[in-house]
Amino acid sequence: MVERTARCYFALSGLYALATSFIGATYVIFLLSHGLTIFEAQVVNAFFYVTLTLFEIPTGVVADVFGRKLSFVGSCFVHSFSMFLYFRATSFTGFVVAEIVGAIGITLMSGAFQAWMVDQIKYHGHVGGMGRVFAREQQISKSIMMVGALAGGFLGSLDLALPWLVSSIILGIVGVLALLWMKEDYFVRESSSPREHLRLICSTSSGAFSFFKKNAVVRFVFGIGASQVFAFQAPNMQWQPLFEKAFSGTIGLGFLRSLMTLAIIAGALVAIPFLARVGGDKRAIVLSQVGAGVGIILTVLWNNLAWRIVIFLVHEVFRGINDPLKSAYLNQHIPSRERATILSMNSIAHHIGGALGLLVGGFIAWKVSFAAAWVFSGSALVLGTLVLSRRTGNQT
């Protein structure tokens, strides 16, 4: 059952990633094509992060109380509807509505899907860390995303709205498959009355917050994640217009997006050897994050286009190293009962950082330049990581 659960996790995660990757090469270009400025495009995305922040804890607790399968299946269908709304939208307001619906869908998945896999395989006898599982999931998902990015780039060359429609259809299919495939042998519903459900929700939330306050490892990972997502918003939202002139339309951007995904896969492949070489979870997380920050800065300071792309891809490698290590490190230090809720709290830290990064990075790019936004973001990532590492040096 451990192997079956792992295969189910890899398959659903891969298909979910495929669905969302169709818009990866054209998302910002699509918004700009409807007359939005880069700042307005990032404000649209900021609504996404604000909504995530508001809904993370309620949906995370729902997953812990009512079941992670229900939460993930709901995520697929709600997210599918948001993609369809984007397919039909043509204005700033329409994009904001689609972002809000999509964010609700994402919160139903975040924390719950990982928590389902971890507790299901532990229930059936898995022992040891989760680093290899998360690294393998990253490799599979990112490999599939390469196909989606190329296909999305081609579809975007025909009509920039088409990738959204295809994403909507695939997410609906994933929801049906999750309904059929996912098992929750570990899960026992503790109560059936509304009053008891409310009591359990409050108890789970209180326990998760109490654990957060007491556990230095959890606070360190939350802080690292927030600074990371803050800094990544400039490259995430601006790489398409930054490199657009160097490639022939959306097909070329789709190819670059695939290379970015390949770089993240390479990072995931070397994550465990990197950890062994560095000698320590925290040290590996800090070094990989600093490497990503330096890469963001050097990308826009380098004049040669070929080297600029190479450095940009190297920064993606460091991202690929960091993600599975951070996920494994956090999951090793949190209890099963509040796992989805704590993971949702971690996501909230990411969302707050993301919303601020979108507004600050978008404003700097709009008023000054893309280069200024990237230098500021990369510098904030490096300095923020080093400060967090130093302040928690004797606690994690």
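**Close-up 1. Asp119 and Arg68, a buried pair.** Asp119 is buried, and Arg68 is buried too. Like the other views here, this one comes from a predicted model. The two side chains form a salt bridge, with 2.8 Å between the closest N and O atoms. This pair ties together distant parts of the chain: Asp119 belongs to helix H6 (residues 112–123), Arg68 belongs to helix H4 (residues 68–88), and 51 residues separate them. The structure has three salt bridges, and the next two views show Arg319 with Glu316 and Lys326 with Asp323.

**Close-up 2. Arg319 and Glu316 in helix H14.** Here the salt bridge runs between the side chains of Arg319 and Glu316, at 4.0 Å from N to O. Both partners sit in H14 (residues 305–331), and because they are three residues apart, about one helical turn lies between them. How does burial look for this pair, Arg319 and Glu316: buried or exposed? Both of them are buried.

**Close-up 3. Lys326 and Asp323, also in helix H14.** Lys326 pairs with Asp323 in a salt bridge whose closest N and O atoms are 3.6 Å apart. These two are three residues apart in H14, so they are separated by about one helical turn. Lys326 has 6% relative accessibility, so it counts as buried. Asp323 comes in at 27% relative accessibility, so it counts as partly exposed; the buried class takes in values under 20%.

Close-up 4. With a relative accessible area of 3%, Ser82 is buried. Set aside residues up to four places away in sequence, and Ser82 touches Ala98, Val101 and Gly102.

**Close-up 5. Thr5 and its contacts.** Thr5 is part of helix H1 (residues 2–21). Its relative accessibility is 1%, so Thr5 counts as buried. Which residues does Thr5 contact, leaving aside its neighbours within four places in sequence? Thr5 is in contact with Trp116, Met117, Gln120 and Ile121.

**Close-up 6. Helix H3 against helix H10.** H3 (residues 38–66) and H10 (residues 216–243) pack at an angle of about 135°, and their axes are 11 Å apart. That makes H3 and H10 oblique to each other. H3 passes H10 in a right-handed crossing. On the H3 side, the contact uses Ile38, Ala41, Gln42, Asn45 and Tyr49, while H10 brings Val229, Gln233, Met237, Gln238 and Pro241. Sorted by class, the H3 contact with H10 has six nonpolar and four polar residues, and no charged ones.

**Close-up 7. Helix H12 against helix H13.** What angle do H12 (residues 271–278) and H13 (residues 281–301) pack at? The angle is about 115°, with the axes of H12 and H13 8 Å apart. H12 and H13 are therefore roughly perpendicular to each other, and their crossing is right-handed. Phe274, Leu275 and Val278 of H12 meet Asp281, Arg283, Ala284, Leu287 and Ser288 of H13. By class, the contact of H12 with H13 has five nonpolar residues, one polar and two charged.

Methods
Residues are numbered from 1 along each chain as its sequence is written. This is a predicted model: local features need pLDDT of at least 70, side-chain atom pairs count only at pLDDT 80 or more; totals for chains, interfaces and linings use all residues. Side-chain values use heavy atoms; hydrogens and water are left out. Axes are lines fitted to C-alpha atoms, for helices over the stretch in contact, and angles run from 0 to 180 degrees between N-to-C directions. Helices (H or I, at least four residues) and strands (E, at least two) are DSSP runs, numbered from the N terminus. Angles under 35 degrees count as roughly parallel, over 145 as roughly antiparallel, 65 to 115 as roughly perpendicular and the rest as oblique. A crossing is left-handed if the near helix is turned anticlockwise from the far one by less than a right angle, and right-handed if clockwise. Contact means heavy atoms within 4.5 Å. Ala, Val, Leu, Ile, Met, Phe, Trp, Tyr, Cys and Pro count as nonpolar, Asp, Glu, Lys and Arg as charged, and the others, Gly among them, as polar. Buried means under 20% relative accessible area, exposed over 50%, partly exposed in between (1.4 Å probe, protein chains only).
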